[in-house]
2 protein chains.
Amino acid sequence: MKLTILGCYSATPRANTNPTAQVLEIRNHMFLIDCGEGTQVQLRKNRVKFARIKHIFISHLHGDHFFGLVGLISTFRLLTRETDLHIYGPKGIKEVITLQMKLADSWTNYRLIFHELTSTESELIFEDDVVQVYTIPLDHRVYTNGFLFKEKEGERKLDMNAVLNEDIDVAYYRKLKLGHDILDNKGNLIKNSSVTKPPVPSKSYAFCSDTAYNEKMLPIIEDVTVLYHESTFLEKHGHLAPRTKHSTAIEAATIAKKCNAGTLILGHYSTRYDSLNEFKEEAQTVFNKVLLGEDGKTFNFD
Amino acid sequence: MKLTILGCYSATPRANTNPTAQVLEIRNHMFLIDCGEGTQVQLRKNRVKFARIKHIFISHLHGDHFFGLVGLISTFRLLTRETDLHIYGPKGIKEVITLQMKLADSWTNYRLIFHELTSTESELIFEDDVVQVYTIPLDHRVYTNGFLFKEKEGERKLDMNAVLNEDIDVAYYRKLKLGHDILDNKGNLIKNSSVTKPPVPSKSYAFCSDTAYNEKMLPIIEDVTVLYHESTFLEKHGHLAPRTKHSTAIEAATIAKKCNAGTLILGHYSTRYDSLNEFKEEAQTVFNKVLLGEDGKTFNFD
């Protein structure tokens with residue numbers, strides 16, 4: 001599991017900071033999460049192949065999370081993309097994108113499939129052979145969802161010493177990896193657990209931005225491997241958090257602790273701060289395993 | 001008169017090239033022309049004060065000319081702007097901007113005044129004490145206008161030697177600058193032309209992008225001081241120009257020659273080319289006074 005932060009600052013894009021966008025890869029399946037203005041340039045700078053993006057998840061319709069989407073869709077068209085593109089986001093996202101295509105008289109030559117979200121309960125919105133994606137209803141000024149990416153359990157691993165000790169036909173290896181008991185060449189039952197090891201534990205990633213401190217998300221993200229939780233403010237501006245429906249670094253860390261996250265990544269920093277170190281210091285007073293999101297940074301969780 | 005090119009490449013924004021946007025200053029009056037994605041960052045990089053932008057002119061609703069507008073409007077709101085903002089552009093521009101403000105539940109605290117254009121004839125769309133702005137109907141795939149900025153004639157200059165030779169009260173200097181004849185302290189008529197010199201010749205700037213080669217614009221831009229004319233293609237790709245309703249460098253130069261422009265600036269280069277020199281070389285086979293538009297470049301025409 002690999003996460004690349006394309007942008008993790010709030011509000012306005014500036015020369016050296018970018019609004020929210022990130023790329024999550026799970027076993028070579030790639031997901032783009034949010035798409036602030038300039039995301040397509042950030043994708044280029046970080047050498048993400050455009051053709052690999054097939055699913056885009058938009059948390060909410062504030063500009064710093066989606067003003068780059070229409071440009072990316074338009075660039076895909078200019079690059080003569082043919083692959084379907086799925087977009088998951090709040091109701092209204094289809095209208096605003098198609099209105100702009102209509103005004104420009106520029107329709108995509110690939111299929112653009114919108115999955116508009118309206119539920120205020122967590123729901124499964126995507127599933128393939130590797131990943132499930134659930135919404136995480138958040139508490140912000142407009143309708144907002146975080147997203148939980150759950151890797152499915154992988155195959156069991158063959159214990160080759162044990163396997164070779166038995167008289168097992170190679171044709172059965174696949175069945176063993178899938179967890180089945182089998183018969184050996186003499187017709188004896190071979191218990192799966194005696195010749196295989198458990199799969200690598202599956203990982204999960206929760207993206208929670210933008211949101212006020214909100215314990216309702218805890219049951220959804222319990223035991224998550226990596227939690228990205230917004231931390232717009234430091235304690236000295238903590239009084240602004242409830243009013244703007246954002247969180248402080250300490251609130252992000254409290255959520256990480258209460259949901260028993262493996263690691264917390266901070267982000268969505270207000271552009272009023274010059275340095276990020278204080279975000280980490282404040283969060284670590286509550287929860288130890290804190291990483292700072294930074295534009296252009298890649299985190300490997302394997 | 002000063003022109004800053006924020007971006008002058010066609011189609012998709014890339015790490016080192018920006019879509020169309022430019023800032024024109026005429027006697028301290030500032031105009032933003034087009035607003036591709038990333039324009040607000042380009043404004044910051046080029047140290048243009050956001051508060052000085054009061055009038056934005058959008059040629060057409062293709063993304064590389066206006067996808068940055070909604071973000072700029074939104075940033076003005078975050079910076080607690082209070083000054084009115086006037087936007088001139090094709091019909092539909094108001095709907096698409098207001099839809100995005102509605103979906104984000106983020107309305108501006110300043111007045112946003114749309115001037116939607118529908119005419120296919122040149123019309124006066126802006127006038128103050130210094131500048132007039134006329135549309136230049138262009139020939140593109142969607143409804144498109146160029147813009148002609150005409151500096152108004154300035155005041156006459158006092159010929160101080162001649163003035164001091166006469167018995168003229170200082171109170172009359174202002175009247176002389178405005179071109180009037182006056183009476184001296186003894187009641188004699190002083191002809192204006194005998195004590196003043198003509199004003200500095202007024203300048204004009206024509207922005208023509210995007211467009212196919214189109215001689216219909218010639219009477220509107222006759223004798224223009226500076227012409228910015230798109231040159232998407234070199235001759236080797238000239239067959240693409242009519243099909244996509246764009247121009248070649250030679251076509252841009254032909255328009256410059258036929259309208260008797262003082263200077264031609266090229267731009268809107270296709271991103272397929274690595275170097276810009278050939279654009280200049282090809283244009284100069286037709287018209288000599290050619291400058292290359294480049295992102296971040298400022299031209300002074302005083």
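Okay, housekeeping. The model is predicted, so local features need pLDDT of at least 70 and side-chain atom pairs count only at pLDDT 80 or more, while totals for chains, interfaces and linings use all residues. Residues are numbered from 1 along each chain as its sequence is written, and chains are lettered from A and ligands numbered from 1 in the order in which they are written.

Let's start with chain A as a whole. The C-alpha atoms of chain A fill a box of roughly 70 × 55 × 35 Å along the principal axes. There are eleven helices and 18 strands in chain A; helices here are DSSP runs of H or I with at least four residues, strands are runs of E with at least two, and both are numbered from the N terminus. Of the 302 residues of chain A, 43% are buried. Buried is 20 or more other C-beta atoms within 10 Å of a residue's own, exposed is 12 or fewer, partly exposed is in between, and the C-beta atoms are placed from the backbone. Now contacts, meaning C-beta atoms, again placed from the backbone, within 7 Å. Among chain A contacts with a separation of 6 or more, 63% are between residues 24 or more positions apart.

So how do the two copies sit together?

In numbers, 31 residues of chain A contact 31 residues of chain B. On the chain A side, the elements giving two or more residues are helices H1 (39–45), H3 (69–78) and H4 (93–103). That side has 13 nonpolar, eleven polar and seven charged residues. For the classes, Ala, Val, Leu, Ile, Met, Phe, Trp, Tyr, Cys and Pro are nonpolar, Asp, Glu, Lys and Arg are charged, and the others, Gly among them, are polar.

Over to chain B and its sheet. Seven strands make an open, mixed sheet in the order E6-E5-E4-E3-E2-E1-E18. E6 (112–117) and E18 (298–300) of chain B are the edges; each has a single partner strand, so one side of each has no neighbour in the sheet. Neighbouring strands are turned by 20° against each other on average, direction ignored. Strands pair, by the way, if DSSP finds at least two bridges between them. Helix H4 (93–103) of chain B packs on this sheet, touching E5 (85–90) and E6, and its direction makes about 145° with that of E6(B). Angles run from 0 to 180 degrees between N-to-C directions, with axes fitted to C-alpha atoms, for helices over the stretch in contact.

Inside the sheet, E3 (29–33) and E4 (55–57) of chain B pair in the parallel sense over two bridges, and Ile33(B) stands opposite Phe57(B). Met30(B) is also in E3. Is Met30(B) buried or partly exposed? Met30(B) is partly exposed, because 17 other C-beta atoms lie within 10 Å. Leaving out residues up to four places away in sequence, Met30(B) touches Val23(B), Glu25(B), Arg52(B) and Ile53(B).

Back to chain A for one helix. H10 (249–258) is mostly covered, with seven of its ten residues buried. The buried ones pack against E15 (226–230), H9 (240–244), E16 (263–267), H11 (277–283) and E17 (290–292) of chain A.

Asp105(B) is in the loop between H4 and E6 and is exposed, because it has 11 other C-beta atoms within 10 Å. His268(B) is in the loop between E16 (263–267) and H11 (277–283) of chain B, and with 28 such atoms within 10 Å His268(B) is buried.

Conventions: Two residues are in contact if their C-beta atoms, placed from the backbone, lie within 7 Å.
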